[in-house]
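Please keep the structure in view while reading.

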Amino acid sequence: MTSSDTLGRTTPATGTAEAADPVARGIARAGSFRLGSRRVRRLGYGAMQLAGPGVFGPPSDRDAALAVLRAAVAAGVDHIDTSDFYGPHVTNQLIREALAPYPADLTLVTKIGARRDEKGAWLPAFSAEALERAVHDNLRNLGLDVLEVVNLRIMLDVHGPAEGSIEEPLTALAELQRRGLVRHIGLSNVTPTQVAQGRGICAVACVQNQYNLAHRGDDALIDALNRDGIPYVPFFPLGGFSPLQSSTLSEVAAQLGATPMQVALAWLLRRSPNILLIPGTSSVAHLRENLAAAELDLPAEAMAALNGIGAAG
């Protein structure tokens, strides 16, 4: 059973198994939100860290990577973020090996628009031909006939969003959707102007950008998307390749007996009901830690201190 509110969010009823397990309890407590034609739990999993160092090559421990994927689904995660340019091909092949045949309620979200060279560099790849090749690569390596959600990563600047028209690549992806290879389209690494342009070309199922306590340039975009029932998926909740160094975050975490990552994730869950989280890890223990973040109560004084990190940035 579920209960709904006016924001399009659904909170699963908590059963005895969830009450006994803080991880399952946390996932349930976080609620759910519409993604394309499905509802997914707001606490998901990002598979990027399952590849080798620099998101390139195979993992050092393949069995451990498979165990993390299986543990995520067993805990109640029904939304996994991936891409065939992780590895490349590595994470999708791991997902297929660990989880296929897939549970009916599992939503796999992938990304296209980039590729890796032989040294692991990230390069743009959003010509019509490159996008179609990427869709077929994802289909093959995931073992699917259709991709549920495909995020078009805009690579006008490899380091972050940059203004410029996205009409040509998005129109090409919309054609692949028309052909039945893709059900829903999202956007990644985009500006608000590009989101508006994209919504004029096709329905946008989600927006995936960097956003965290200190990197809050998308505040207005998140609120606008929430009003329209569109999920926002932040990546790098602790800064990614350049981890956030914040004495305030460390102090709040220590006061609450939590990890900085748990506090950062709990803050994101509180920030807006349309935020879907995809924290990544290659460790089952760390996975359970991350998924338990929704059980963390952030008192008003903690929220004020955390909000101040972005104001000071």
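Helices, of at least four residues, and strands, of at least two, are taken here as DSSP runs and are numbered from the N terminus. The model under discussion is a predicted one.

The backbone at Val55 has a phi near 60°, a positive value in a residue other than glycine. Most residues other than glycine have a negative phi, and most peptide bonds are trans. Val55 is counted as buried because its relative accessibility is 5%, and the cut-off for that class is under 20%.

Two prolines deserve attention next. Pro101 belongs to the loop between helix 4 and strand 7 (107-112).

Phe85, Tyr86 and Trp122 make up one aromatic cluster. Arg116 is positioned over the face of Trp122, 3.7 Å from the ring centre.

How many aromatic pairs does the model contain? When rings are paired if their centres lie within 6.5 Å, the count is five. One of them is the stacked pair of Tyr211 and Trp267, with 6.0 Å from centre to centre and 20° between the planes. This pair connects distant parts of the chain, 56 residues apart: Tyr211 lies in the loop between strand 12 (204-210) and helix 8 (219-227), whereas Trp267 lies in helix 10 (residues 260-271). Are these two residues buried or exposed? Tyr211 is classed as buried because its relative accessible area is 0%, and Trp267 is also buried, since its relative accessibility is 1%.

Phe235 and Phe236 form an edge-to-face aromatic pair, with 5.1 Å between centres and 90° between planes. Both of these phenylalanines are buried. Phe236 is located in the loop between strand 13 (232-235) and helix 9 (247-256). Its backbone also has a positive phi, about 60°, although Phe236 is not a glycine.

Methods. Residues are numbered from 1 along each chain as its sequence is written. This is a predicted model: local features need pLDDT of at least 70, side-chain atom pairs count only at pLDDT 80 or more; totals for chains, interfaces and linings use all residues. Side-chain values use heavy atoms; hydrogens and water are left out. Rings of Phe, Tyr and Trp (its six-membered ring) pair if their centres lie within 6.5 Å; planes under 30 degrees apart count as stacked, over 60 as edge-to-face and the rest as tilted. Buried means under 20% relative accessible area, exposed over 50%, partly exposed in between (1.4 Å probe, protein chains only). A charge sits over a ring if NZ of Lys or CZ of Arg is within 6 Å of the ring centre and within 35 degrees of the ring normal.
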